[in-house]
Amino acid sequence: MRSIEIKHLARVEGHGAITVRIEGRKVREARFEIIEGPRLFETLTIGKLPSENLSIVPRICAICTLSHRYASLRGLEKCLSIQVPEKTTLLRELMLHGEIVESHALHIFLLALPDLLGYPNAAAMTEKYSDYVIKGLTLKKFGNKVMEVVSARATHGENPIIGGFGRYPTNRELHELKDQAKALIPHAQSAIELLGPMKFPAWLDKETTFVCLKPPTKDYGLVGDSILISDGREFDVEDYRKVVNERVVSHSYAKRSRYRDAPYTVGSIARMNLLGNRLKGKPKDHYQQYKNARWKRNPMFNNIAQAIELLHALEKIQSLIDRTVDLKDPAVMKPGRETGKGTGAVEAPRGTLFHSYEVKNGRMSKVDIVTPTAQNLDDIEKYVRIAAQHMLDKGENDEEIGRQLEIVARAYDPCISCSAHLVNIVRK
Amino acid sequence: MTNRRTAFVGLGNRDRGDDAAGLRFVDDLKHLNPNYFFSEEQGLEAIILEIIKDKDVEDVVFVDTCDFNAKPGEIALLRLDSIEETVSTHKIPLSMLMALIQTEGKKAYLVGIQPESLEFETDISETVEKALERIEDTVGKMLQG
């Protein structure tokens, strides 16, 4: 038996590796290994105050920091029986859409584009496509600015607090963001025009299941208390364990998820497949222009899904600001109780993120966090295996096989720091 | 490299031992030319966008700890073709940023220091401190003419 090893997966967040074991002409095993150690956040926050939990858990990641913070707020406010007013909700959605812009711009323009344009690495692509690199940096800078204005820092902002915000952005700050969002629409459009027509070979196609949150309104949204599955089922967010069914594997610090004993996908492509017909305006036009049945079978289409979401996010930022500026700054809402449980969920850039908590007498007593990348890992391995077998059948050399496997894994935009979840060790 | 036309960008993480070296470099020397010393903590995309627009900047030097299979404390001046894509500024490939800078008509270099330790919540090691002193001495003399 021989192995193909990609020891360090490039152009992803965090440290991951891929190993494929081959016997003769058959792939016997494909593994996506998370080599970042266990993060232990769910143990760290036990016994802490909810406000401390809120500051600790966003440190799981520096890219999806506000997704973690928002999911945590939703979970904690359920535990403590807090209902926040409209302006608070709108601003939290604004910061989440800022994170979508920042994260998707990074992935599309700076991490995935070399793969999609057929370049061996990012530097080789840059010579001919430097304008796209500049667009990506500009969009990323704007996404950071949105997060900075709302949460006080581009990374790990402390301004969103239980019950509200420490400080509300001024109307002047919001209007500036709105103008900048509008000016960046052509950048997002250029990504769609580049990625939309791209063709991907059918050999990677295989049906899978998609999962995302169902927004409470009829809009395309990132927040909800209901989990939508592509098999037609829906679950209340408190029943998330019936969807994620986590388990431990020996070759990775990240737990794995399976729905009805099969892998599934979360993220932009899941949201597009399940909610795409809720889009409006130009994003809807592009969705209708490019959507096809293979979006349900091939993870490479996650890239065009992200590009359409990027455009949607820039438009949504403007409409959220329009709704926010006329509202007065509300007071911070106080807890209604000290003991309770609740699950908060948001659609982070990479997919559905769950923060489930129990609070007893004002202290954290149970914490469970399930991240999007951890949920995707089984599906990533499935498609990596398909890719490896196909390349082997074609007679490709190990270097080319490895290159293709990296392209497949990168299409998911994995966030490895998030996925290195707590592993429980049971001694027998 | 000449003094006024070189931008320095310190990369790293203050919480991880020797990984703070690039940031310390900027802390220690930015008073010599404040508009041309940048710390990754300011936001790398904003820094790069500013640098490529600045017609006065001819050279860009990144300073960071990196693994080039050397003894701890050894220093290397690296060009783009020596850098693997796995070297990332925690997200954006450094090779892409260097390629972009070169595409915009400037030169890009990485001053790499082989680290001794990247443990969390530790200070910069004595070995890397000495390497940093050598780099700062050289750059300081260059800037002061």
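# Briefing on a predicted two-chain model

Helix 6 of chain A has 19 of its 22 residues buried, so it is largely enclosed by the rest of the structure; here a residue is buried if 20 or more other C-beta atoms lie within 10 Å of its own, exposed if 12 or fewer, and partly exposed in between, with C-beta atoms placed from the backbone. The model is predicted, so local features need pLDDT of at least 70 and side-chain atom pairs count only at pLDDT 80 or more, whereas totals for chains, interfaces and linings use all residues. Residues are numbered from 1 along each chain as its sequence is written, and chains are lettered from A and ligands numbered from 1 in the order in which they are written. Helices (H or I, at least four residues) and strands (E, at least two) are DSSP runs, numbered from the N terminus.

- Chain A contains 15 helices and 12 strands, and its C-alpha trace spans about 65 × 60 × 40 Å along its principal axes.
- The radius of gyration of chain A is 21 Å, which agrees with the value near 22 Å that a compact globule of 428 residues would have; the radius is taken over C-alpha atoms, and the globule rule is 2.2 Å times the number of residues to the power 0.38.
- Of the 428 residues in chain A, 53% are buried, and residues 24 or more positions apart account for 72% of the chain A contacts with a separation of 6 or more, where two residues are in contact if their C-beta atoms, placed from the backbone, lie within 7 Å.
- Chain B has 4 helices and 7 strands, and from the N terminus on its elements follow the order β-α-β-α-β-β-β-β-α-β-α.
- With a radius of gyration of 14 Å, close to the 15 Å that the globule rule gives for 145 residues, chain B is as compact as a globular protein of that length.
- The C-alpha trace of chain B spans about 40 × 35 × 25 Å along its principal axes, 44% of its 145 residues count as buried, and residues 24 or more positions apart make up 73% of its contacts with a separation of 6 or more.

**Where the chains meet**

- Between the chains, 20 residues of chain A are in contact with 16 residues of chain B.
- On the side of chain A that touches chain B, helix 4 (86–116), helix 5 (122–126) and helix 6 (130–151) each supply at least two residues, and helix 6 gives the largest share with 7 residues.
- By class, that side of chain A has 9 nonpolar, 6 polar and 5 charged residues; Ala, Val, Leu, Ile, Met, Phe, Trp, Tyr, Cys and Pro count as nonpolar, Asp, Glu, Lys and Arg as charged, and the others, Gly among them, as polar.

**Helices**

- Helix 6 of chain A reaches 31 Å from its first C-alpha to its last, close to the 32 Å expected when the span is taken as 1.5 Å times one less than the number of residues.
- After helix 6 of chain A comes A:A152, whose phi is positive, near 90 degrees.
- Helix 3 (residues 94–103) of chain B is mostly covered, with 8 of its 10 residues buried, among them B:L94, B:M98 and B:I101.
- B:G105, which follows helix 3 of chain B, has a positive phi near 90 degrees.

- Strand 6 of chain A runs parallel to strand 9 (residues 264–265), to which 2 bridges join it, and two strands pair if DSSP finds at least two bridges between them; the bridge partner of A:F210 in strand 9 is A:T265.
- Strand 6 of chain A runs antiparallel to strand 7 (residues 226–229), with 3 bridges joining the two, and A:C212 stands opposite A:L228.
- A:R233 lies in the loop between strand 7 and strand 8 (234–236) of chain A, and with 14 C-beta neighbours inside 10 Å it counts as partly exposed.

**The largest nonpolar core**

- Among the 167 residues of this core, A:V146, A:L310, A:V384 and A:L405 touch the most other members; such a core is a set of buried Ala, Val, Leu, Ile, Met, Phe, Trp, Tyr and Cys residues joined through C-beta atoms within 7 Å.
- Helix 4 of chain A contributes the largest share of this core, 14 residues.
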